[in-house]
Amino acid sequence: MAVYNQIILGFNLLPIFPLDGGRIFEVILMRFFHFKRAVKISLLVSVITIMICSIYVIFEAFSLSVLFVFAFLLYKNVMQYVKREERYMLFLTQKYL
């Protein structure tokens, strides 16, 4: 059971946006870059990480369910990229209030 918890922890800390690791990575980037640039870099790193993990799963440890998870994460990243201006306005509104 401890091994499964460690696997879930490691997966959750990957720098993929909807996961905690992606959010942590984005906050760290915001310390060095403007909000819009930090979001773009974070999403780019997320997509690259998803692609690398997907290639590994396809060639080394084929699992259809894991590929579906990575497909869902890729979809979420694309949707986040589409809504980046809306997210920026929300950020400015929260900062103003």
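At what angle do helix H3 and helix H4 pack, and how far apart are their axes? Helix H3 (residues 35-59) and helix H4 (residues 64-82) pack at an angle of about 165°, and their axes are 10 Å apart. The model is predicted, so local features need pLDDT of at least 70 and side-chain atom pairs count only at pLDDT 80 or more, while totals for chains, interfaces and linings use all residues. Residues are numbered from 1 along each chain as its sequence is written, and side-chain values use heavy atoms, with hydrogens and water left out.

**H3 with H4**

- Helices are DSSP runs (H or I, at least four residues), numbered from the N terminus; axes are lines fitted to C-alpha atoms over the stretch in contact, and angles run from 0 to 180 degrees between N-to-C directions.
- H3 and H4 are therefore roughly antiparallel to each other (the term covers angles over 145 degrees).
- On the H3 side, the residues making the contact (heavy atoms within 4.5 Å) include Leu 43, Ile 50, Cys 53 and Val 57; on the H4 side, they include Leu 67, Phe 70 and Leu 73.
- The residues of this contact comprise 13 nonpolar, four polar and no charged (Ala, Val, Leu, Ile, Met, Phe, Trp, Tyr, Cys and Pro count as nonpolar, Asp, Glu, Lys and Arg as charged, and the others, Gly among them, as polar).

**Nonpolar cores**

- A nonpolar core is a set of buried Ala, Val, Leu, Ile, Met, Phe, Trp, Tyr and Cys residues joined through side-chain atoms within 4.5 Å; buried means under 20% relative accessible area, with a 1.4 Å probe and protein chains only.
- Eight residues form the largest core: Ile 16, Leu 19, Ile 50, Cys 53, Val 57, Leu 67, Phe 70 and Leu 73.
- H3 and H4 each supply at least two residues of this core.
- Beyond its neighbours within four places in sequence, Phe 70 is in contact with Phe 11, Ile 16, Ile 50, Cys 53, Ser 54 and Val 57.
- Phe 17, Phe 35, Val 39 and Leu 43 are among the five residues of a second, separate core.

**H3 with H5**

- H3 packs with helix H5 (residues 84-96) at an angle of about 140°, the axes being 11 Å apart.
- Phe 35, Lys 36, Val 39 and Lys 40 of H3 meet Arg 84, Glu 85, Arg 87, Tyr 88 and Phe 91 of H5.
- This contact has four nonpolar, no polar and five charged residues.

**Glu 26**

- Glu 26 lies in helix H2 (residues 20-30), and at 4% relative accessibility Glu 26 counts as buried.

Notes
Parallel < 35°, antiparallel > 145°, perpendicular 65-115°, else oblique. Buried < 20%, exposed > 50% of the residue type's maximum accessible area, 1.4 Å probe, protein only.
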